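Here are my notes on this one, point by point. Have the model open while you read.

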Amino acid sequence: MSTIETEIVVVGGGPAGLSAALTLSRARRRIIVIDNGEPRNAPALGAHGLLGQEGISPFELLRKGREEVTSYGGQVITGRVTDARAEGNGFRVRTDAGHDVTARTVLLATGTRDNLPDIPGLAARWGKDVIHCPYCHGWEVRDQRVGVLATGPISALQALMFSQWSSDVRFFPQGLDYSVADLAKLSATGIRVDTRTITGIDTDEDHLAGVHLEDGSTFPLDALVVPTSTTARLDGLDGLGVEVSESPAGTAVAVDTAGHTSVPGVWAAGNLTQPATQVSEAAADGTRVARNINTELIFQDADRAVAETENNR
Ligand SMILES: Cc1cc2nc3c(=O)[nH]c(=O)nc-3n(C[C@H](O)[C@H](O)[C@H](O)COP(=O)(O)OP(=O)(O)OC[C@H]3O[C@@H](n4cnc5c(N)ncnc54)[C@H](O)[C@@H]3O)c2cc1C
């Protein structure tokens with residue numbers, strides 16, 4: 001196995017990683033992006049709310065992004081990072097496809113994983129008509145019969161959000177308790193609360209037809225909203241030892257305002273640090289953090305040059 005040496009290795013080539021890579025390759029940095037092609041929105045037909053690329057297939061967007069990065073000399077490797085750790089003055093990253101990359105700096109942009117409730121048939125409809133984000137899918141389900149399956153404390157407010165897109169919203173608390181104030185908002189805005197527990201998903205060919213309920217009945221729906229908690233995608237990256245923050249919404253890599261993680265030389269961007277953000281926001285975060293990386297490397301090199309000049313006197 002031959003080692004490839006580079007300045008910056010970007011782990012994760014979704015919108016955040018590729019936007020960072022575009023900025024860094026245009027800044028004449030030697031960069032390698034390693035990506036295994038499983039973006040968070042992979043099950044969705046299109047990415048919405050994306051100016052200039054509205055509704056584009058998630059994979060077409062990334063194909064174009066890879067092309068743009070390589071057009072400026074960036075390298076994109078297809079593979080899953082299975083090991084990453086500090087070594088010498090930098091880092092060593094290995095993939096399941098046998099790549100071995102050493103770099104001065106690492107940018108993590110591996111995204112987040114949605115934790116779906118364990119209800120038969122639900123995962124198969126995820127991103128199609130089992131959805132979570134009103135700004136990604138609200139327009140597509142406008143005026144339709146929308147169910148909201150509660151998963152935690154903010155689920156009642158998620159139901160309220162969808163009332164902006166449809167007047168036919170039904171909230172299923174799934175045995176969870178909600179405050180009188182939240183329930184009053186649902187009632188006052190015409191959202192019905194159905195206390196029967198959802199036990200399964202009813203499909204008709206390739207469409208959601210409704211939900212199976214604990215009493216044996218089926219309730220017809222066109223879309224089911226499932227507010228998910230999320231888990232930072234750090235498989236194969238434990239060796240770096242970056243700090244992870246926890247909240248009721250899930251886990252995320254902790255970063256400062258510039259994008260530094262707790263480990264010097266390791267940065268992070270996109271959904272990995274801000275799980276609730278959309279494609280355009282993740283991409284913008286990648287760009288912002290890339291600029292900070294480039295600036296910091298320029299200043300580090302200037303300091304080193306000054307030190308060398310003084311040593312040589
Ligand atoms: C079902 C669904 C639909 C959505 N629809 C929309 C929408 O319409 N509009 C919108 O703006 N947003 C949408 N989103 C949100 C959108 O998916 C995220 O904002 C966006 O994907 C975040 O980009 P990212 O680059 O941070 O992470 P990701 O896009 O998830 O990219 C991370 C990349 O890192 C790679 N990776 C992870 N671990 C490793 C590893 N160990 N080795 C190598 N590669 C690795 C993954 O394969 C992936 O390609 C949707 C989300 C979901 C769940």
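1. Start with who builds the ligand site. Helices α1 (15-26), α4 (134-137) and α7 (279-311), along with strand β2 (31-35), each supply at least two residues of the shell around the ligand. Helices here are DSSP runs of H or I with at least four residues, strands are E runs of at least two, and both are numbered from the N terminus.

2. Before going further, a caveat: this is a predicted model, where local features need pLDDT of at least 70 and side-chain atom pairs count only at pLDDT 80 or more, while totals for chains, interfaces and linings use all residues. Numbering runs from 1 along each chain as its sequence is written, and side-chain values use heavy atoms, with hydrogens and water left out.

3. The shell holds 37 residues, and the closest are D35, N36, E38, H48 and T277; a residue is near the ligand if one of its heavy atoms lies within 4 Å of it. By type, they split into seven charged, 18 polar and 12 nonpolar.

4. Now the backbone contacts. Ligand oxygen atoms sit 2.9 Å from a polar backbone atom of A16 and 2.8 Å from one of N271. At V81, a backbone N or O atom lies 2.8 Å from a ligand nitrogen atom. A polar contact here is a pair of N or O atoms within 3.5 Å. The protein buries 99% of the 990 Å² that the ligand exposes when taken alone, by Shrake-Rupley with a 1.4 Å probe.

5. On to the strands. Five of them make an open parallel sheet, ordered β8-β15-β9-β10-β11, with β8 (130-131) and β11 (192-193) as the edge strands, each pairing on one side only. Pairing requires at least two DSSP bridges between two strands. Inside this sheet, β9 (residues 146-149) and β10 (residues 169-172) share four bridges, and V146 partners V169.

6. For an antiparallel case, look at β17 (residues 244-247) and β18 (residues 250-253), paired over four bridges. A two-residue hairpin joins β17 to β18, and S245 stands opposite A252.

Technical notes. A polar contact is a pair of N or O atoms within 3.5 Å; within protein, one must be able to donate a hydrogen and the other to accept it, and residues adjacent in sequence count only if both atoms are side-chain atoms. Ala, Val, Leu, Ile, Met, Phe, Trp, Tyr, Cys and Pro count as nonpolar, Asp, Glu, Lys and Arg as charged, and the others, Gly among them, as polar.
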